[in-house]
Amino acid sequence: MSSERGQFSSRFGFISAATGSAVGLGNIWGFPTQTASHGGGAFVLVYLILAFLLAYPALMAELIIGRHTRHNMVGALPQLTQRPALQVIGRATGLYGVLIASLILSFYAIVAAWLMAQVPAAVANIGGQQPAASWFTQSSLLRDSLFCVLFLALTAAIVARGVKDGIERWSSRLMPALLLLILGLTAVVLTLPGAMEGLRLYLVPDFSLIAHPSLLTSAMGQAFFSLSLGVGTMLVYGSYMSKTDNLPLTGAYVALIDSGIAFLAGLLIIPAMFVAHQQGIEIYSADNTLIAGPDLILKTLPTLFNSLGLSGALIGLVFFLLLSIAALTSSISMLEVPVTYALEQFTISRSRATWLIASGIFAISLLILFNFDELFGSVINITTKYSQPLLGAMLCLFAGWALHRDKLLSEISAGYSAAEQGLFWKIWPSYIRFVCPVLVIIIFVQNVRT
Ligand code: TRP
């Protein structure tokens, strides 16, 4: 067993790391594209409601379990109960979470690789090196494998340095940079012709679409993915939190910043699509819906950037840099899940564990890359559509039923002395026992049926 557990040095450190985990491709790519394919403002509205009614309470379950037990995903759940049968279930849930976190990283690294390759592509474009630019732009097994290994190596290099010197330091450097880049880009794009039409679609809800069944399941899936829930990411980050932090408030900041940045990314991407439309670039697919898949980020937007000359190339460079940074602060949180498990369960050094696990994950990414059509979509579905909600419901049940009420209250009161009189304590404990698991399961069943 490793001797010293890491800890975040301050509340700012924790918030940077946790929002770094939460804000990722899910916000900057997933959220705007889901919005585009689900009728704009209607999706935004449902998403925001679910993020606070469902995802925030589930986030709190993970943070509380983590900080209370100070353990990894596998070790934490059995500690909450004395009953041997429940301990076995807790352990199994934990192991399943570690596996799913690793699988999510294996496909996330592939998507990150596509995006990271666009950074040198933009540089080559600006420097007038057309052949190089098109090599970086076009997907090939060689390019994708190279950037995948590069991305995972960057991730591992940060995680190997530990909680404070790796995860916290890099998240608190990269997150403010990300915020500045996205604010700057949004300001530029909103001044371009056509942007206002996109803005209208994004902000004005079409209430006829709110009842659409896939809207609810997609919005929940999106909220769970965006807050990194279910697989123990937030549980592990919670386990590094200081006892003096106010849990409900800090968790609320994380949920707010995460939804805020997703919302901001929508203000950037949807108007950018309509700017592209104005330039004569196709933004509707054959069935008359807005283009939403990889083509949007990897074809439509680059075509737009190219059509804007040098300033467009610069915008493109910043845009893909932004996506790469967002992906990196998220991937470190995914890798931390199996790494903490290995550290606390076996005798192994952090850096050895990190590089070994990252290599294993790279092997899975390669397997996916080489069998792309069979595996890519299935791995995403198995992990995010089915496993994440199930695991999320399990974590809510453990926090609500296994963790004793007195312990729960004393955990929340540490860092928030007036907890017992507060609104959170009045609502959350029964909410997490009944409402959250039931809602998640209803939506999960919907998911399985569609
Ligand atoms: N939340 C991140 C995003 O929006 C991705 C992420 C990080 C994640 N850790 C996770 C998703 C754990 C699921 C589970 O891109």
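At what angle do helix H2 (residues 25-37) and helix H12 (residues 247-278) pack? In this predicted model, the two helices meet at about 65 degrees, and their axes lie 8 Å apart. The crossing of H2 past H12 is right-handed. On the H2 side, the contact is built from Asn 27, Ile 28, Phe 31, Pro 32, Thr 35 and Ala 36. H12 contributes Asp 258, Ile 261, Ala 262, Phe 263, Ala 265, Gly 266, Ile 269 and Ile 270. Sorted by class, this contact of H2 with H12 holds 10 nonpolar residues, three polar ones and one charged one.

Trp 135, Leu 142, Leu 146, Val 149, Leu 150 and Leu 154 together make a nonpolar surface patch of about 520 Å². Helix H7 (residues 141-160) supplies the largest share of the patch, with five residues; Leu 142 is located in this helix.

Charged residues bring a further kind of contact into view. Side chains of opposite charge can pair when their charged atoms come close. The count of salt bridges in the model comes to seven. A salt bridge joins the side chains of Glu 411 and Arg 67, with 2.8 Å from N to O. This pair links distant parts of the chain: Glu 411 sits in helix H17 (residues 405-413), while Arg 67 belongs to helix H3 (residues 41-69), 344 residues apart.

Notes. Residues numbered from 1 in each chain as written. Predicted model: local features only at pLDDT ≥ 70, side-chain atom pairs only at ≥ 80, totals over all residues. Heavy atoms only, no water. Axes fitted to C-alpha atoms, helices over the stretch in contact; angles between N-to-C directions. Helix = DSSP H or I, 4+ residues; strand = E, 2+ residues; numbered from the N terminus. Left-handed = near helix turned anticlockwise from the far one by under 90°. Contact = heavy atoms within 4.5 Å. Nonpolar A, V, L, I, M, F, W, Y, C, P; charged D, E, K, R; others polar. Patch = residues over 30% accessible without salt bridge, like charges linked within 9 Å, V, L, I, M, F, W, Y side chains within 5 Å. Areas by Shrake-Rupley, 256 points an atom, 1.4 Å probe, with all protein chains shown as cover. Salt bridge = Lys/Arg side-chain N within 4 Å of Asp/Glu carboxyl O.
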